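Please give a brisk report on this structure.

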Amino acid sequence: MTTDRTAAWHSEFRAPGSALIDSFGRRHNNLRVSVTDRCNLRCTYCMPEDVTFQNRSELLTFEEITAFVRVAASLGVDKVRLTGGEPLVRKELHELVRMLSAVPGIKDIGLTTNGILLEEQAGPLFDAGLRRLNVSLDTLDPVRFRTLTRRDGVERVLAGLAAAKRVGFAPIKVNTVAIRGFAEYDVVPLARYCRSHDFELRFIEYMPIGAEEWERDKVFFAQEILDLIGRGIGELVPTDNDPSAPALEYRYRDGGGSVGLIASVSRPFCQSCNRMRLTADGKLRNCLFALDETDVKGLLRSPTNNEQAIAQALRHSVWSKWEGHEINAATFVKPDRTMHAIGG
């Protein structure tokens, strides 16, 4: 830290109960918790085909995750999203949802899943208190699905979405990574599908976070997506956006649904970011593209389980957050961890 930032840290943000505010004034209330690095797909933009997963003993237990969330909630965190890997491969995940739902201060629990196991688990998750789902689906075409995920299963994802709607999940968001060479064919069919099923479609620009070398010319930009949908379905108009939300929200002019655009490359939203991440093996990250991590697993597994030390680690990590990820700068450095090991 610089001298001025260090002074501010000592004078203001180390106080007991202080909110999680970084040195740029961004208040953090949104925590993404990865429950596993394992996955039943091998998406090309997320992880390699051959991968060595963490030993299960290295993963945080549900009790440890809940203990961490309890401390985070005392510092102003009120939103938690469970991620992976693929979180539904973690056995009895609904029990973690039930535990987190009981943490004072937590108002919103979400889940991001690839949907392969959702049909079987939608009911137990809903009964445990989960209400919001993001389901990853990049194409409706079985051939392109296998090319992107290196596995079959698009029918299972669609069945999972239907089951989630049936048991009462709302809203249900469908997340699509827009990659040039695929998006040209899939944007309009996915938009039609989500529009007809009352799902909220969100396109995510392809980012440098996977196992393969990132090729900028594969980014299919947000404006191109808007143009495709405008020509193929109908005009989209911007709505009033939550400044802390990652997506730029649009609605069809005819009122038939909405589309969100997460334009991390063409329109970075770092200036309003309110998120931090806890990896499955207990590392705290203040940015998806962070190059440094804070180990909190040792604190959670300490015989004293020092909540004050965990709170200080949270405050320090958030305070140390950089201004932005610099994807578009020559100085950008790709993180060592790939997406499946960080948490989506």
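## A histidine and its contacts

Leaving aside neighbours within four places in sequence, His 28 is in contact with Leu 20, Asp 22, Val 77, Cys 273, Asn 274, Arg 275, Met 276, Val 318 and Lys 321. Contact means heavy atoms within 4.5 Å. His 28 sits in the loop between helix 1 (3-13) and strand 1 (30-34). Helices (H or I, at least four residues) and strands (E, at least two) are DSSP runs, numbered from the N terminus.

His 28 is buried, at 1% relative accessible area. Buried means under 20%, exposed over 50%, and partly exposed in between (1.4 Å probe, protein chains only). The His 28 side chain reaches the backbone oxygen of Arg 26 at 3.0 Å.

## Basis of the model

This is a predicted model: local features need pLDDT of at least 70, side-chain atom pairs count only at pLDDT 80 or more, and totals for chains, interfaces and linings use all residues. Residues are numbered from 1 along each chain as its sequence is written, and side-chain values use heavy atoms, with hydrogens and water left out.

## Helix 6

Helix 6 (residues 154-167) has 14 residues. From first C-alpha to last it reaches 20 Å, close to the 20 Å expected at 1.5 Å a residue. That expected span is 1.5 Å times one less than the number of residues.

The buried residues of helix 6 are Val 154, Val 157, Gly 160, Leu 161, Ala 163 and Ala 164. Their cover includes helix 4 (118-128), strand 4 (132-136), helix 5 (142-149), strand 5 (172-178) and helix 7 (183-197). Just after helix 6, Gly 168 takes a positive phi of about 120 degrees.

## Cavities

A search of the whole structure finds three cavities of 30 Å³ or more. On a 1 Å grid over the protein atoms alone, a cavity is a set of points where a 1.4 Å probe fits but cannot get out; a pocket is an open set with protein on both sides within 12 Å along at least five of seven lines; lining residues have an atom within 4 Å of a point. Grid points are joined across faces, edges and corners, and a volume is the space filled by probe spheres set on the points.

The largest cavity has a volume of about 60 Å³. Helix 7 gives the most to its lining, with four residues. By class, that lining has nine nonpolar, one polar and two charged residues. Ala, Val, Leu, Ile, Met, Phe, Trp, Tyr, Cys and Pro count as nonpolar, Asp, Glu, Lys and Arg as charged, and the others, Gly among them, as polar. The second largest cavity has a volume of about 40 Å³.

## Second largest pocket

About 270 Å³ of space lies in the second largest pocket. Of its 18 lining residues, Pro 171, Asp 198, Phe 199, Glu 200 and Ser 258 lie nearest the centre. Helix 7 and strand 8 (248-252) each supply at least two lining residues. The lining divides into seven nonpolar, five polar and six charged residues.

Most residues other than glycine have a negative phi, and most peptide bonds are trans. The bond from Ala 170 to Pro 171 is cis, with omega near 0 degrees. Pro 171 lies in the loop between helix 6 and strand 5. The bond from Gly 84 to Gly 85 is also cis, with omega near 25 degrees.

Asp 198 has a positive phi near 60 degrees. It is exposed, at 65% relative accessibility. Glu 92 also has a positive phi, near 60 degrees. Glu 92 is partly exposed, at 48%.

Notes
A polar contact is a pair of N or O atoms within 3.5 Å; within protein, one must be able to donate a hydrogen and the other to accept it, and residues adjacent in sequence count only if both atoms are side-chain atoms.
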